[in-house]
Structure formats: C-alpha cells, structure tokens
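User: Could you take a close look at one part of this model for me, the contact between the chains? I'd like to know what pairs with what there, and what sits around it.

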Amino acid sequence: MSRAFVAGLGLCAPGHRGTATWSAAFPGLEVSEATGELLPPALRRRASSLSRMAAAVAGQAAHQASVDLSRVPLILGSAYGEIAAAVEMMREFGGPTALPSPTRFHNSVHNAAAAYLSIATGNRGFTTALAAGTATPAMAVLEAVALLEAIGGDALLVLLDEPPPGPFESAQPYPSAAAAFCLSYRPGPLTLAVMSEARRGSAPPADLPDGLERHPCAGAFALLAAVTSRRSATVSLGADGVGAWLVDVSPVP
Amino acid sequence: MSALPRSGGYPVTGFSAGNAMGANVEAVAIALEEGRTGLGPCPLDLPFDTVCGVFPEPLEAMPRSLAEFDTRLARMTVAILDAMAGEVGRAVRRWGRDRVALVIGTSTGGILETERAYQTHSVSGRLPEGFDLDRQHAFHGILEVLRARTGATGPSYVVSTACSSSGKVLGSARRLIAAGLADAVLAGGVDTLCQTTLRGFESLQALSRRPCRPFSADRDGLNIGEGGAFLLIEREGEGRVFLLGVGESSDAAHMTHPHPEGLGARLAMEAALRQAGIDADAIDHVNAHGTGTVANDVVEASAIAAVVGRSALVTSTKCYTGHLLGAAGATEAVLAALAIERSFVPATLGADPLDPRIDIAVCLKGKRMRVRTALSNSFAFGGNNVSVLLGARS
C-alpha cells in the first residue's frame, strides 16, 4: 500500500551542467538548464526562472518515463515558491503607478509553474502546488501516492526552490535547483526503482554537492541521488517540526 | 487501489469559520440569514478606493509560546481554530496524534508582515527586529502554529493554488484518508488582506469600488476579503454534513482568464458528481465562485447550467465576505454546509437586475428550503478549478 514506482527523473540547476561534483552525485543524469523549452515562446517570455526550471525537469522526467504531459497529474512542491516575484512586486509598490505589473502578479502565485505547464501542454487534469518547509518533498510524495491510490496511473512530481532574494537572503545559501520524478502506481518496462511508503524516522544525510544539502527540497535531491546510484537505500525526504520522513528505495534490475 | 466511498462520503464532524460577517460560524450564519454584508471600507493604505471584507477585531496576540510566529494570519488562524478546539481535541484523542493530518490552503500566507518588513528595510536599510521569514512569511510557519495548537503530528502541508487552495485541501483530505495515510484531517484555509493582492487585482482592473454584485447586469468587479475556515473530516463518525466528492481540473487556457466555455469548471463539477455517484438533478444548491467580475460570472453560469442544470438555487457569498482568495474554498464549503444544516439558501446581494446572459436560478432572496446536497466552486489563477460536493446526513 502507498508505495510507488519511479520511472523518470529530471534535474535542473542553472550553471551546474557538466560539473564533476554534480555528475558524481547523480550518475547518468543530465543536469539541465532553465531554458523552459517546453513552454511556447509567448509563455516562456513571461515565465519566471522558477517556472522555467519546472518546465525543464518536467520535460526531462516525462520524456524518460514516456509519459504524456497533456494527461499526467502534476504535483508541484516548493517551500518558498515564487518569492522572487512577490518581493519584486513589493519594489514596484514604490514605483510611479504604485501597482505591480499584471504579469508579475500572476507569476507570484505558488502554482504559477504548474499553471504554465498545464497551459503549455493542454493538460486539463489534476494539478496542485504545495509547501511544507523542508518536509515539502515528503508531503509531495504523500500527496502523490494518495492520488495514485485513488486514480492509478502516473503522477509527475516537481520539487524546486530558489534562494529568497534580498533583503530576505538565507543565512545558509543554497543553489537554485529543481528535481522531478515520474511516479507510477504499477511497475512497467521503464521502472527504475521502487519507493516504499513514507514513514517517520532518521537516516544519515545524503552527500550532495555545492550546498544542495541546505536546499529546502534537499530530500528530493537525496532521492534523486539514491535512484541514480542504483543501490538500495533509506532516504530522508526532509523533516518537519515533528521529525524526519523516510522512504526506502530499491533499484529495479 | 483505495476504496474511496462511492456514496455516503466522509463525515465532516466539525467546522468553523470567521470572516467579515463575524468571527465565528454562528455570527456568520446569522448574517447570511439576515442578508447582511460584511463588506466595508478597506483599512490598508492604498493608492485607489475599494471595498473589503475585514475580519472583526479584536484579534488576540499569539500566546507567549508562539510569539515568534505572530502575524495577522496566525492570529486569525488561532481565533477560528479555537472555536472548534473541542472537536479537534476529540479527534486527536480518538485516532492518535500521528493519525490526524493538517492540510491548509492559503494564497499569500504571512506576506502582510513581509510587506511591512520590506517597507521598513527600504527606509532604514534593516529588517524589523523580530521579523523571521520562516516563521512569519513562509507557509511552514503557519503549519508550526497549527501543530502546536492542535497537538496533531500527522502529515501536514499547505496547498497553495491561489483561489482554489482551500477547496483542494478537501480533495487531499479525502485521498489521505482513503489511502490509509490519516484517519482524520483538519482541512481549511486562511488568508489576510495585504498590499500584494489588493494592488495586484487593481493592476488587473478587477477590483470594484463598491460592494460586488455577482451575476448582476451592473457588476463591475470583485472585492477582496480576509478570514478562514476549517473542516474536520474523519474516516467515520457523526457527521454534521458529509463530504461526497471533490472534483479538480485545469483550464489549460490562460493565467488569469477563465476558459471561454468554462470547460475546466465543467470538468471539476462533473468529477465531483462522478465521485459521489449522484445525478446532477440531486443538487439543490450551488455556492458559486461568483466573483462579480464580468468574465467569471457568465462563464461559470454557463458551466453550471451545462452540468447542474437550471433548477438548483445558486448563490455567490462573496457579496458578504469579499473574495477570500486562498481561504475561499474552505469558507464557502462551510457556508454550503450551513445551507444544508440550517435549510437556508442565502441571497446573492445586489444580483438584481441579473445579467440577461446568465441563465441559472440565481438566489435573489434568501429562501428556507431543504438542501440535500450543495456544490461549492472555486476557480483560480492558472485555470486551477475545484468543485466540492457536500451532502446532508441521510
């Protein structure tokens, strides 16, 4: 009950493509740039950098899993979401009109990246956007497995964050990065790994590059590292105020 | 796969709400029955005129143990939540702390404090003493408050899909219980007035200068409100009402405009009916999204007519509360639950004269009637739609 099969992966971290530390942490997985190629040019021009990262990893994972982006349910998880757009709006309040640009306003909602993906791919199905601090990956996995239990099929999980902009910078800096997972209710020919039901408990932190261990969605990158390493592992998906959430990951030969 | 109930649904064993009509659900119910709007002058310093729904003062400061989380959002959350502390405490004792989940919708969280902090920084070069982005702005701050206040330690997360956020939490609640990941879910939503949404909707030319008039030929925009609501959904128990279905869909059309034929809205309503296993003619009442904007109301009315038909009595309660954004879904689900429980469908204030293009039964005068089932719609930026179906105890 509540386990899922991982069939596609995506990773985006602007400026880290082809670097040795990232290749070592995520063997065989290409680090994509936030080009947002999945989005038509008119949408791409308006989309935030966070939304372009989401498009990059969603396209990568869906392609690997051979999943139809116009039909797959999409779950987006981010601790701070579009905080850069929100803070830029605050700057605009001091401008000549004292109003934000309409585009900036709609780009500031937490579900903006999911919305751009839905519009770009013609997906009229389920999309959601959630947040739970450093437990965001764990809660997104629970939302995904509960959805798979209800309707079967596949779900696309996108987990991402950017560092908050000034004057709200984090004392513990981390890189902008996004991860994606295509999860399936049943195993298939493209299944990479089996993921157990999430549970409470502790596990050693994953060895992640360039401050990624401080990323709010670090648990997603730990999961990505475990799946790409092709070894069985217990992965911490992050903690909330009560404690950490874990999953066991086993590769499928 | 999990056995989601085809009929009967999950019991809603308690609910609470507070908004411009009143700080508790009893005051809210009385205002609805008296046809008394809560809309009034907007207290924020804005470069334009509008009307808002303001949560009644006084709002008590946070207790010392939660002082670092003190925001207007947290104060409203605690005020609304404490009104159903008995029901929540009973559920935590019944199922165990780790079997009670918290799923909350908000669009802007504690951004009101962040705006003030940004303003202070732009004047002084320093953030205000005591401002903490994680405890006050970020969505995980309000989760800490909820965990501390309820004692629940099950899965806890915020759903933030703009104006559909706290309708969608009821879908999450339903699935978490069905999948065996929780036995009870405290689901709800809270949002405050803030510069971001007021100025943002003004930039979209969507705000009205006067109390909004959903479905009226004379409507000219929406009002923003603040407040929230919580519903306690349990695996089994004595329900005040029952959660029969939650349909979720996307328009895949535009970031801020509804699909021109209301396709996403239709899909959401159809999915809710399908989950419940009931026919459209069993719907007695619709609490519409009904923002009062020119674009929304015509499109939504055509979608309601197509899916539900023209006999269900349709109300938009945003003329009482303003648009509660991320808190709208849960609030309007509670108002739909009140319609069922109290056998009263509230009027849509100011709807007369109706837009002649709107061919549904808009409730122009409050009506006492038996309400077996009620559907509540919430539609959001990015074309994110949810339709919540509630039913009476059989």
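Analyst: First, some terms: helices (H or I, at least four residues) and strands (E, at least two) are DSSP runs, numbered from the N terminus, and two strands pair if DSSP finds at least two bridges between them. This is a predicted model, where local features need pLDDT of at least 70, side-chain atom pairs count only at pLDDT 80 or more, and totals for chains, interfaces and linings use all residues. Residues are numbered from 1 along each chain as its sequence is written, while chains are lettered from A and ligands numbered from 1 in the order in which they are written.

Now the contact itself. Two residues are in contact if their C-beta atoms, placed from the backbone, lie within 7 Å. Chain B puts in 57 residues and chain A 54 residues. On the chain B side, H4 (111–124), H6 (139–150), S5 (156–159), H7, H8 (195–203), S9 (241–250) and H9 (263–276) each supply at least two residues. H8(B) gives the most, with six residues. Sorted by class, the chain B side has 26 nonpolar, 22 polar and nine charged residues; here Ala, Val, Leu, Ile, Met, Phe, Trp, Tyr, Cys and Pro count as nonpolar, Asp, Glu, Lys and Arg as charged, and the others, Gly among them, as polar.

The bit I'd zoom in on is where strands from the two chains pair. S3(A), residues 127–131, runs antiparallel to S5(B), joined by two bridges. A:Ala131 stands opposite B:Val158, and A:Leu130 has B:Val159 as its bridge partner. S3(A) also has a partner in its own chain: four bridges join it to S2(A), residues 74–77, and that pair runs parallel. There, A:Leu76 sits opposite A:Ala129. As background, strands of a sheet pair through backbone hydrogen bonds, either parallel or antiparallel.

How enclosed is S3(A)? A residue is buried if 20 or more other C-beta atoms lie within 10 Å of its own, exposed if 12 or fewer, and partly exposed in between, with C-beta atoms placed from the backbone. Five of the five residues of S3(A) are buried, so the strand is largely enclosed by the rest of the structure. A:Thr127, A:Ala129 and A:Ala131 point one way, and A:Thr128 and A:Leu130 the other. A:Leu130 counts as buried because it has 30 C-beta neighbours inside 10 Å. Leaving out residues up to four places away in sequence, A:Leu130 touches A:Gly77, A:Met139, A:Ala140 and A:Glu143, plus B:Tyr157, B:Val158, B:Val159 and B:Ser160.

Follow chain B on from S5 and you reach the loop between S5 and H7, where B:Ala162 is found. B:Ala162 has a positive phi near 55°. That's worth a glance, since most residues other than glycine have a negative phi. B:Ala162 has 28 C-beta neighbours inside 10 Å, so it counts as buried. Just after H7(B), B:Gly180 takes a positive phi of about 80°.

S7(B) belongs to an open sheet of three strands in the order S2-S3-S7, with mixed pairing. S2 (39–41) and S7 (224–225) of chain B stand at the edges with a single partner strand each, so one side of each has no neighbour in the sheet. Three bridges join S2(B) to S3(B), residues 51–53, in antiparallel fashion, and B:Leu39 has B:Gly53 as its bridge partner. In the loop between S3(B) and H2(B), residues 72–82, you'll find B:Pro58, and the peptide bond from B:Glu57 to B:Pro58 is cis, with omega near 0°.
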